[in-house]
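This briefing begins with the chain as a whole and then turns to two local sites. Please read it alongside the sequence and the structure.

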Amino acid sequence: MDRIPQELALDILSRLPIPSLVQSKSVCQDWRTLTHDQLLVNKHFKQMVENDPSFILQIMGYSIQNQLYFGDLSSDPNDGNVTMIAKKLTIPPLVNFHLVSSCNGLLLLRSTHPSFELCIYNPFTRDYIELPKLSHHDGVRGFGFDPTTKKYKVVEISYKRTTPFTFSHRVVRFGMRRSHQTETSSSSLIESEVHILTVGSPTWRNLGCFPFRFMWQKSQVLVNRKLHWRTTTNLIMSFDLATEQFKEVPRPDVITSNSDRRFHELVILRGCLSAVSFDGNNQELEIWVMKEYAVKNSWVKQFNIGAYVPKIFQSNYQCHSSSNSRFYLPKNCIQVLCLLRNGGILLQYGNKAIVFYDSYCRTFQDIQVTFEGISSCFTAVAHVASLNSTDTFVDA
């Protein structure tokens, strides 16, 4: 190792998947020192941006639910079949936890620990930071990096009922237009109370309230250094981690607050904010992509995905034709994971199957997922590893 220039060694290590990179710490003291080098972290995540997304999978099951895996995709050059090898990640010493989101390789975990609820785990160093407790538990959370302060921030949004007078008074600080349609009757309003924590600070800050309720989503949507959620009134709202302000993001004209067409979920496809809607007339999932961020006219309907039932579900639907299979797999069981470099789309069905969709040939292929150390099949939730669109990555 002493004979290899440090710049070359960093370049080699930056091309390794996360599990191999973590294992390399045990080779020698020099390699262990390099794995803590910030230059290596920067180069590694720049490689991830250029390549296909990475996946963190959490096994769902009573006996082994506290286990995380790093999913690595591979394609057979002979037949083109796509497979995923899920390698076990070392986890923090927590009694029970749930993966909330990720950013730049750091994982936000929700724990049932008596002294704290949230922690940030670094699989590179295997260290974790306990976050101060917050009294609210219901709602949605977000995790991202503020490039202006070079600090990570955690956002938590909880809900409560309030009177119209209190509601309108507190919304002003967000600068939101009061003309927006509220989500309940005038006599009983639901408002969202927003708290934010700068990682390293001992206390959460209360940013006030605003008149929307967010829909929970499986994977975090972090685009242009902003967190994104969809509301129950079919709006897209962003939260700027630098200014700590909410702003409405324009939607495609086909989706409005009063129409029957609604967003099924928000996703990130090759760095672009994207939205998935369900066309009930032809039983297809539509994927809309915002080619230029915050520009309404840049929305393009890029994909139409027809009905499909993965093999693991087919035994339950033998009596139904494939043309009607979408009806028996509710749309909320289908998640768009990512767009690959080859133009294919990864879909997850009911946390039990990951499917490769060829957007050119309009064909489906069930992906075989092999979990390291597990011989049987378990339910797993796949999270797309989230990256900030910035050139700077720092330790938590």
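What follows is a short account of a predicted model, with overall figures ahead of the local details.

The secondary structure of the chain amounts to 7 helices and 25 strands, and buried residues account for 51% of its 396 residues.

**Chain as a whole**
- The chain exposes about 18,700 Å², and carbon and sulfur atoms supply 50% of that area.
- When contacts in the chain between residues at least 6 apart in sequence are considered, 53% of them join residues at least 24 apart.

**The surface patch around L8**
- I4, L8 and I12 form a nonpolar patch on the surface, and together these residues have about 240 Å² of accessible area.
- L8, one of the patch residues, is placed in helix α1, which covers residues 6-14.
- The relative accessibility of L8 is 44%, so this residue counts as partly exposed, a class that lies between the limits of under 20% for buried and over 50% for exposed.

- S111 lies in strand β5, which covers residues 106-111.
- Because its relative accessible area is 7% and buried means under 20%, S111 is classed as buried.
- Leaving aside residues up to four places away in sequence, S111 touches L94, N96, F97, F116 and E117.
- S111 and E130 are 19 residues apart along the chain, and their C-alpha atoms are separated by 9.9 Å.

Note on methods. Residues numbered from 1 in each chain as written. Predicted model: local features only at pLDDT ≥ 70, side-chain atom pairs only at ≥ 80, totals over all residues. Heavy atoms only, no water. Patch = residues over 30% accessible without salt bridge, like charges linked within 9 Å, V, L, I, M, F, W, Y side chains within 5 Å. Areas by Shrake-Rupley, 256 points an atom, 1.4 Å probe, with all protein chains shown as cover. Salt bridge = Lys/Arg side-chain N within 4 Å of Asp/Glu carboxyl O. Helix = DSSP H or I, 4+ residues; strand = E, 2+ residues; numbered from the N terminus. Buried < 20%, exposed > 50% of the residue type's maximum accessible area, 1.4 Å probe, protein only. Contact = heavy atoms within 4.5 Å.
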